[in-house]
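This report examines the nonpolar core and the domain organisation of the structure shown below.

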Amino acid sequence: MISPARPPARRIAALLSGTIALALAVTGCGGGTGTGSDTGKVTSITALDYYSDEAEHSQWGEILSACGRSAGVKVEQTSVPPASLMPKILQQASSRTLPDLLMVDNPDLQQIAQTGALTPLDPYGIDSSGFAKGILSAGTYKGKVYGLAPDVSTVALFYNKDMLAKAGVAVPRTWDELKAAAAELTRPGRYGMAVDANATFEGSWQFLPFLWSNGGDEKRLDTPQAAQALQLWVDLVKSGSMSKSVLNWTQADVHDQFAAGKTAMMINGPWRIPALNKDKNLHWGVAPIPVPRAAQTPITPLGGEVWTVPRSASKARQEKAAQVLACLNHSSSMLTLAKQHFTVPSRSALASRYAEQVPSMAAFVKSVEAARSRTSQLGVKWPKAATGIYTAIQSALAGEQTPEEALRHAQRIATGD
Amino acid sequence: MPSGSRPATDPARARFRARLARWMYLVPAAAYLLMFFGYPIVKNIMMSFQQYTTTTFYTGAAPFVGLRNYAEILASDLFSKALLTTALFTAGSIVGQFVLGLAFALFFQRRFPLGGFLRSLLLLPWLLPLVASGTTWRWMLDPDTGVVNTALRGLHLSSSGIPWLTGTSQALVSVILINIWVGIPFNTAILYAGLQDIPTHLYEAAKLDGAGPLASFRHVTWPLLRPVVGVVLVLGVVYTVKVLDLVLVVTGGGPAGATETLATRSYELSFQQFEFGRGAAMSNVLIVLSLAFALVYLRANRRARNG
């Protein structure tokens with residue numbers, strides 16, 4: 001969810017190849033016999049993540065090796081495309097070949113912890129104090145911490161400074177201002193606003209700040225608060241300020257529209273900043289997501305990847321992996337990673353200091369403080385609610401159902417088994 | 001059987017060796033079929049009766065739940081919708097592919113300059129990877145910036161453009177049209193080969209009898225092409241019912257589930273929601289549908305041969 005632009009074709013190719021690997025795992029053709037229980041001195045450990053983008057892969061590689069050096073091991077890092085990570089983990093779980101150190105996207109952690117494949121972190125003496133509440137709750141399953149994220153992120157409103165200035169529009173802070181600004185900024189061949197309303201969990205993730213900031217809740221989707229939030233998106237599409245194609249856009253597509261000047265504002269995350277910075281002619285700004293009424297604080301979903309230590313036959317390897325994990329979550333690593341990826345350190349005290357050092361990240365630091373994790377309320381049932389949410393978004397924006405009807409249906413999906 | 005006059009061992013051993021040899025010829029094929037067709041099918045049927053989730057991968061525990069997976073997927077309102085979409089998608093694709101494929105095959109039967117070259121060009125959609133051509137179609141059909149709507153606007157055929165991928169009814173039509181484009185080469189190639197097998201003297205005889213092009217198509221071409229037509233249609237249906245990649249690339253099943261077929265539902269259940277039991281149940285429904293169609297075809301074929 002938090003990964004940089006990937007063309008849909010590559011994404012789907014990766015998805016399909018991941019599927020084939022998983023199908024093999026299902027049919028028991030996984031192969032391999034586990035990492036073995038080498039009782040001797042551990043000289044290297046394995047790590048798996050989804051930082052398959054070249055720059056990201058090498059940046060994470062550096063910090064992993066540095067942390068490995070301080071723990072006295074070599075870290076062999078493997079990166080797979082984001083869509084193939086979950087299939088890969090399941091395949092490795094069934095063949096008992098999970099890596100020593102495993103990265104997972106935070107909303108997936110509880111599901112993986114539920115399988116029993118991960119070890120709780122407190123026996124290793126890892127310090128999980130001072131972490132932002134949201135990310136700690138995402139890493140916790142049944143009262144035990146299984147995963148910690150060095151840096152976190154969330155979504156915000158990106159806007160094209162030149163377009164706003166030319167139209168004489170101020171950065172919108174409330175929903176009404178957003179609607180007015182989007183309409184004002186719409187021109188032939190250009191839309192005022194863009195979101196990801198895709199029929200995937202990405203679409204649900206982008207809708208959450210609107211749902212939550214209006215007092216809506218993923219536990220009950222058929223409420224007036226939720227309907228008002230969905231109505232906002234419907235109004236934006238109906239008035240022509242937002243393309244109906246948002247139904248098919250991924251966050252990467254939304255970014256491409258913004259970068260190409262085909263939309264004046266968009267909802268996206270800070271992981272887009274490196275790509276946006278590449279274009280010297282694009283003058284963009286970032287602001288908190290508009291809220292229903294003035295002076296409210298937006299409640300946004302928390303993004304970020306947690307690192308975990310899977311169960312394995314070798315206690316020594318687990319210990320080494322835990323040492324590397326602890327090192328990744330040291331203040332210095334957090335700061336390095338946050339600066340490299342335009343994310344926010346997940347220890348709150350450090351985050352405030354970081355906001356002073358890097359003022360452009362202040363909007364994100366502020367949002368992260370109030371950010372909620374997707375699994376904090378529903379835990380392993382979150383995927384069902386997320387399915388309900390994107391189904392409702394799709395049918396309301398396509399004009400099949402009113403927001404109220406769509407959300408009643410969403411609630412049935414979320415609670416059905 | 002008198003056997004006393006000859007040495008007793010030889011014929012017995014020879015018979016044994018002959019039988020062994022027979023089995024040895026069978027073993028590779030049988031082993032292959034069992035491993036790569038039998039096992040997955042049996043496993044899939046088993047899974048459809050189990051609660052097979054992410055936890056199963058680690059613990060191996062998959063409790064049997066009887067027919068619950070089937071009851072759940074069949075009772076869901078998404079199922080009837082996906083079934084209807086699958087039927088429309090298959091019927092639309094097959095009719096389009098077949099009619100256009102036959103038209104191209106008949107057209108290329110005439111000899112004209114560059115005919116062979118053009119015929120090989122026609123194979124292109126078949127040669128391209130679906131993910132690549134699907135993505136290209138997605139760009140071309142983009143309602144705002146796609147070349148198709150730009151052309152329609154330029155020709156003043158439509159002022160606002162057609163919501164190819166964002167309208168709930170248009171999206172299914174778009175996916176069918178793309179699938180027809182993908183399927184034409186296959187239909188043309190097979191039907192063209194079938195046409196080549198019809199002896200030319202039959203056409204000459206028909207001409208002598210005063211048959212026009214329409215009559216000779218009805219009374220010579222069509223009856224003799226029937227067996228090939230049967231093969232093309234059955235293979236076409238089996239290929240089309242299970243189409244997954246094209247839909248995933250072009251619409252992802254959307255908008256609002258308008259292009260969701262049984263195949264994409266099965267994929268979603270298994271590989272996005274990780275409900276492998278229900279995904280397996282869904283794919284078994286798909287297998288039964290294909291099988292039913294194949295059986296109908298086989299019976300019709302046998303009756304035609306006997307009658």
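The largest nonpolar core holds 174 residues, among which A:Leu230, A:Val324, A:Leu325, A:Ile393 and A:Leu397 touch the most other members. Such a core is a set of buried Ala, Val, Leu, Ile, Met, Phe, Trp, Tyr and Cys residues joined through C-beta atoms within 7 Å; a residue is buried if 20 or more other C-beta atoms, placed from the backbone, lie within 10 Å of its own. Helix α9 (residues 168–196) of chain B gives the most to this core, namely 10 residues. Leaving aside residues up to four places away in sequence, A:Leu325 touches A:Leu101, A:Ile126, A:Leu148, A:Trp307 and A:Val309, contact being C-beta atoms within 7 Å.

The model is predicted: local features need pLDDT of at least 70 and side-chain atom pairs pLDDT 80 or more, while totals for chains, interfaces and linings use all residues. Residues are numbered from 1 along each chain as its sequence is written, and chains are lettered from A and ligands numbered from 1 in the order written.

In chain A, 57% of the 417 residues count as buried. The C-alpha trace of chain A spans about 70 × 50 × 35 Å along its principal axes.

The domain assignment, automatic or from a database, divides chain A as follows.

| Domain of chain A | Residue ranges |
|---|---|
| Domain 1 | residues 45–153 + 303–370 |
| Domain 2 | residues 156–301 + 378–415 |

The C-alpha centres of domain 1 and domain 2 of chain A lie 28 Å apart. Their contact takes 14 residues from domain 1 of chain A and 17 residues from domain 2 of chain A.

Notes: A residue is buried if 20 or more other C-beta atoms lie within 10 Å of its own, exposed if 12 or fewer, and partly exposed in between; C-beta atoms are placed from the backbone. Helices (H or I, at least four residues) and strands (E, at least two) are DSSP runs, numbered from the N terminus. Two residues are in contact if their C-beta atoms, placed from the backbone, lie within 7 Å.
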